[in-house]
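Here is a two-chain model to walk through together. Have the sequence open next to the 3D view, and let's go through it piece by piece.

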Amino acid sequence: EAAVTQSPRNKVAVTGGKVTLSCNQTNNHNNMYWYRQDTGHGLRLIHYSYGAGSTEKGDIPDGYKASRPSQENFSLILELATPSQTSVYFCASGDLDRGSYEQYFGPGTRLTVL
Amino acid sequence: GDSVTQTEGQVTVSESKSLIINCTYSATSIGYPNLFWYVRYPGEGLQLLLKVITAGQKGSSRGFEATYNKEATSFHLQKASVQESDSAVYYCALSGAMLSGSFNKLTFGAGTRLAVCP
């Protein structure tokens, strides 16, 4: 069964530290996405990718970088973590499939920056 | 830009009662929006509840249904009789091919937390 997995599931980091969130998909989708979810804001798009080697800025990219080394893997990188980046992060993959632009989500990573 | 509005942040309903969660949208950069309801159960990730890609059509799943109303720009979620296991956060979202030709993007509402009381 097609799936999106994320690691770690929970992470505690210190202010100023580097954090890498990883995502793997077996859907063979070209597009992958990173969102953060905060109470009252729904999910907001941080970065996305059209395929291996491509990364694009989403709606709230400041403070984040992304890396797509392969079709299957998409990482989100916080070079200098700040407490404002405490959130739940979701990775997703998706393509146009039978006329629908559905996305498939991973289980989420809860990040706490102290 | 595109936006999705869910007016209720939290809804509390007694078990076996009916439910409606409101969703309206604005799609200015998408030619033919697809509309979705995603659900997040406690401790789990987002999963698709239902989707409708054609205006005027109704989608249904697990007793929930929603109709894509293009004239009213609405996609309200309804269920005739809720169960305690329906307690979760529900997100309305839209996506589709961008008029600019760039990628498809999901735009989410803020979410509605449903609490079903026994």
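Gln10(B) is a handy place to start, and you'll find it in strand S2 of chain B, which covers residues 10-14. Keep in mind as you look that this is a predicted model. What does Gln10(B) touch once residues up to four places away in sequence are left out? The answer is Arg113(B) and Ala115(B). Another residue to look at here is Thr112(B): its C-alpha atom is 5.3 Å from that of Gln10(B), even though the two are 102 residues apart along the chain.

Follow chain B onwards from S2 and you come to the loop between S2 and S3, where Ser16(B) lies. Have a look at the backbone there: Ser16(B) isn't a glycine, yet its phi is positive, at about 80°.

Strands of a sheet pair through backbone hydrogen bonds, and they can do so in parallel or antiparallel fashion. In chain B, four strands make an open sheet in the order S3-S9-S8-S7, and the pairing is antiparallel. Strand S3 (19-21) and strand S7 (58-61) of chain B sit at the edges with a single partner strand each, so one side of each has no neighbour in the sheet. On average, neighbouring strands of this sheet are turned by 20° against each other, ignoring direction.

S1(A) pairs with strand S3 of chain A, residues 19-25, in the antiparallel sense over four bridges. Within that pairing, Gln6(A) has Cys23(A) of S3(A) as its bridge partner. Which way does the peptide bond from Ser7(A) to Pro8(A) go, cis or trans? That bond is cis, with omega near -10°. As for Pro8(A), you'll find it in the loop between S1 and strand S2 (10-13) of chain A.

Finally, zoom out to where the chains meet. The contact involves 23 residues of chain B and 25 residues of chain A. Between them, the two chains bury about 1,900 Å², and 54% of that is on carbon and sulfur atoms. What about charge pairing across this boundary? There are zero salt bridges between chain B and chain A. Three residue pairs are in polar contact across the two chains, counting pairs with both residues at pLDDT 80 or more.

Which strands of chain B each supply at least two residues of the side that touches chain A? They are strand S5 (34-40), strand S6 (46-52) and strand S10 (88-95) of chain B. S5(B) gives the most to that side, with four residues. Sorted by class, the side of chain B that touches chain A holds eleven nonpolar, eight polar and four charged residues.

Definitions and conventions: Residues are numbered from 1 along each chain as its sequence is written. Chains are lettered from A and ligands numbered from 1 in the order in which they are written. This is a predicted model: local features need pLDDT of at least 70, side-chain atom pairs count only at pLDDT 80 or more; totals for chains, interfaces and linings use all residues. Side-chain values use heavy atoms; hydrogens and water are left out. Contact means heavy atoms within 4.5 Å. Buried area is the accessible area (1.4 Å probe) that two parts lose on being put together, summed over both. A salt bridge is a side-chain nitrogen of Lys or Arg within 4 Å of a carboxyl oxygen of Asp or Glu. A polar contact is a pair of N or O atoms within 3.5 Å; within protein, one must be able to donate a hydrogen and the other to accept it, and residues adjacent in sequence count only if both atoms are side-chain atoms. Ala, Val, Leu, Ile, Met, Phe, Trp, Tyr, Cys and Pro count as nonpolar, Asp, Glu, Lys and Arg as charged, and the others, Gly among them, as polar. Two strands pair if DSSP finds at least two bridges between them. Axes are lines fitted to C-alpha atoms, for helices over the stretch in contact, and angles run from 0 to 180 degrees between N-to-C directions.
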